[in-house]
Amino acid sequence: MNRKRWVAVGLVVLLLVVYARTDVNKSVSAPEGLSLLTSKAFRTETYKEGSGDNIALIRVDGTIINQALSFSTDPAAYNHQSFLQQVEEAFTRPDIKAVVMVIDSPGGGLYESDEAYHKIMKMKEKHNKPLIVSMGSMAASGGYYLAMPADKIFAQRTTITGSIGVIMSSYNYQELAKKIGIQEEVFKSGDNKDMLNPMRATTDEERAIMQSIIDESYGFFVDVVSQGRKMDRQTVINLADGRIYTATQALNVGLIDGIGDLDAAIAEAGNMIQESDPNVLLFKNPPPYNMNWLLSLLSPQLDLLGFQKDMENIVPRPMYLYHS
């Protein structure tokens, strides 16, 4: 074993000690031993102490994407699996009477945004708890998508929201490759097997295929907004040309319900459960560098986070993402 791996082993041992001494709430369904080896743990702390019923406070910060390995040192950064678990915990716990979701995100992956949306919808329909959304500096595209199950949506007066639409982009560096003498050889089973190949121009047929995918995904977004905001579908289409809205503009066209800060959203959640002094519990992500990350350094066979797989599959894909 080389020096690098001995260092990694030492870090693993150290992290085991740290985890053993850390008070972290585990998933109800995850065995305690397994929770040390996964990123599905989360913890709660009191955000605002009150004498009344509990309200859960869940945050969506950053790009909504399921990145198996994140090098962010910010523990508040979006963690897809942790978020899904937090939603389930907040709605299933009988001592929690309402949920406030803070969204500060430009959106993200189409799949992740839709999965999170359906998770919220499923939990809300099953447990019938009030859900209030509080928008931060930005709740655009997929960030707006996640707000659609809410009973009420508040934005701060400087919030940017909207950007209802889908985007997918690629690069064409064919001319650059020619200049530096790089030539690609492709063997494929069908004409469209290497769509969006950056080493050649996109064909008309490929453009039509990709546009059909974008159009279908756009239709999903329009339907979600139409249902969530109780709007006629054509009205949503008129608003959903990809543009962003200020809070005032969004309020005027019915995309949000009010302009106010997080305290206003919490107060509204309290009103909906007839509670004047709620106890607010903040759900927090696990630490950013966990057991999986260290184990993945030891061997490709122990790459529990699938880092190699992620690196091998960096390809263009449809996104519910605000693109500036």
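Me: How many salt bridges does the structure hold, and what makes a contact a salt bridge?
Reply: The structure holds 14 salt bridges, a salt bridge being a side-chain nitrogen of Lys or Arg within 4 Å of a carboxyl oxygen of Asp or Glu. This is a predicted model, in which local features need pLDDT of at least 70 and side-chain atom pairs count only at pLDDT 80 or more, while totals for chains, interfaces and linings use all residues. Residues are numbered from 1 along each chain as its sequence is written, and side-chain values use heavy atoms, with hydrogens and water left out.

Me: Why is the contact between Lys124 and Asp151 called a salt bridge?
Reply: The closest N and O atoms of Lys124 and Asp151 are 3.1 Å apart, which is within the 4 Å limit, so the pair counts as a salt bridge.

Me: Why is Lys124 called buried, and why is Asp151 called partly exposed?
Reply: Buried means under 20% relative accessible area, exposed over 50%, and partly exposed in between (1.4 Å probe, protein chains only). Lys124 has 15%, so Lys124 is buried, whereas Asp151 has 34% and is therefore partly exposed.

Me: What makes Asp194 buried and Lys188 partly exposed?
Reply: Asp194 has a relative accessibility of 13% and therefore counts as buried, while Lys188, at 37%, counts as partly exposed. Salt bridges that share partners join Lys188, Asp194, Arg200 and Glu206 into one network.
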